[in-house]
Amino acid sequence: MKIAQVTPLYEAVPPRLYGGTERVVAHLTDALVDLGHEVTLFASADAQTKARLIATRDQAIRLDPAPLKSDLAAHLAQIAEVRALADEFDIVHFHTDMVQFPFFADRAERTLTTLHGRLDLKDLPAVYKRYPQFPLVSISDDQRRPLPFANWAGTVHHGMNADLYRFSEKSEGYLAFLGRISPEKRPDRAIMLAKRLGKKLKIAAKVDAADRAYFHDKIEPMMLGDPLIEFIGEIGDHQKSEFLGGAEALLFPIDWPEPFGLVMIEAMACGTPVIAYRCGSVPEVIEDGVTGFIVDNDDQAANAIIRASSLDRNLVRRRFDTRFSSEAMARRYVALYEKLCDGAAVYPSLVDLAASA
């Protein structure tokens, strides 16, 4: 198939440091090429890809040192470029939320849009009711809850290139927190649990400008002077295998409707079990008692951390390979592309797809 992948321009593809959507697009694009498809990636010029690259900005927005930038202008220019070349492709796969809708309303049936973020925002329902012709993909079934009426074509869980993550059969005994410092990610819970159990916690996370006050007022005071807590800061892909593989468990103590949680499968790729609070996509990603433990409160979390070393790290990695490799993700998307191109009905969720088998 001739497939266009359209990624946001905020991060490089894949991101140099933190970044979820662009990382998934990078892994999906390469996996589609490996499966024999003709893929074109619309992204910033610093992208690293096996596909044909059409650069629509000189570099990704977040690390661009220019003091004055317009992300809206950058994305409108990108979508215009995609529209100009749209006839070249069997399917155009967008990862840019809804900015493309007015440009592609007359050919929506040959597009697919994966929604990567939370959907419980005030203004979203009106947009998806205004453009019901666009087939949408959720990254977890739970993500759909705020928009049950939307034109869901399927659910495809994220996948990652297994070769990028090194399996670690033994841990070094510390706990890990990886991602972003923000109130909904609950790094304070991770710190509290580590102190409660007397275990070392390593925190590798970025601090956005919007969260600096939270970091300085809430998190830094919990860390200062405590030898158990080590703040590493933001890390890139080349550092993740060592960081995650050395951990006894990844702590995922979220307090929000997480649409997917990429860090959970990154930990699994290293053989590291995940201790996750029951929110959002967690029950769809973690197999309780196999790849980690799903908990409902702090007492359960503390008990789960103690039990984490009893899990088979080899099995954790095998479950990643089966469920969350980039090839598995790409094959699920190809099935949706083919149904859309054939004009056939698509199933609204993985649950419904399984029920129909």
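In what order do the seven strands of the open sheet run? Select them and read across: E3-E2-E1-E4-E5-E6-E7, with parallel pairing. Helices (H or I, at least four residues) and strands (E, at least two) are DSSP runs numbered from the N terminus, and two strands pair if DSSP finds at least two bridges between them.

This is a predicted model, in which local features need pLDDT of at least 70 and side-chain atom pairs count only at pLDDT 80 or more, while totals for chains, interfaces and linings use all residues. Residues are numbered from 1 along each chain as its sequence is written, and side-chain values use heavy atoms, with hydrogens and water left out.

Axes here are lines fitted to C-alpha atoms, for helices over the stretch in contact, and angles run from 0 to 180 degrees between N-to-C directions.

Next select helix H12 (residues 326-342), which packs on the sheet and touches E1, E4, strand E5 (111-115), strand E6 (136-138) and E7. Contact means heavy atoms within 4.5 Å. The direction of H12 makes about 145 degrees with that of E5.

Now select E1 (residues 2-6). Four of its five residues are buried, so E1 is largely enclosed by the rest of the structure. Buried means under 20% relative accessible area, exposed over 50%, and partly exposed in between (1.4 Å probe, protein chains only). On one pairing, E1 meets strand E2 (residues 38-44) in the parallel sense over five bridges; lysine 2 has glutamate 38 of E2 as its bridge partner. E1 also pairs with strand E4 (residues 91-94), again parallel, over four bridges, and there alanine 4 stands opposite valine 92.

**Loops and backbone angles**

Most residues other than glycine have a negative phi, and most peptide bonds are trans. Select valine 13 and proline 14: the peptide bond from one to the other is cis, with omega near -5 degrees. Proline 14 lies in the loop between E1 and helix H1 (21-34).

Move to aspartate 97, in the loop between E4 and helix H3 (101-104). Its phi is positive, near 60 degrees, and aspartate 97 is partly exposed at a relative accessible area of 39%.

Arginine 186 sits in the loop between strand E8 (174-180) and H5. Its phi is also positive, about 55 degrees. Is arginine 186 buried or exposed? At 19% relative accessibility, arginine 186 counts as buried.

Continue into helix H5 (residues 187-197), whose buried residues include Pro187, Asp188 and Arg189. Just after H5, glycine 198 takes a positive phi of about 70 degrees.

For an exposed residue, select aspartate 123, in the loop between E5 and helix H4 (124-130); its relative accessibility is 58%.

**Arginine 313**

Finish at arginine 313, in helix H11 (residues 313-323). The arginine 313 side chain does reach the backbone oxygen of alanine 247, at 3.1 Å.

Conventions. A polar contact is a pair of N or O atoms within 3.5 Å; within protein, one must be able to donate a hydrogen and the other to accept it, and residues adjacent in sequence count only if both atoms are side-chain atoms.
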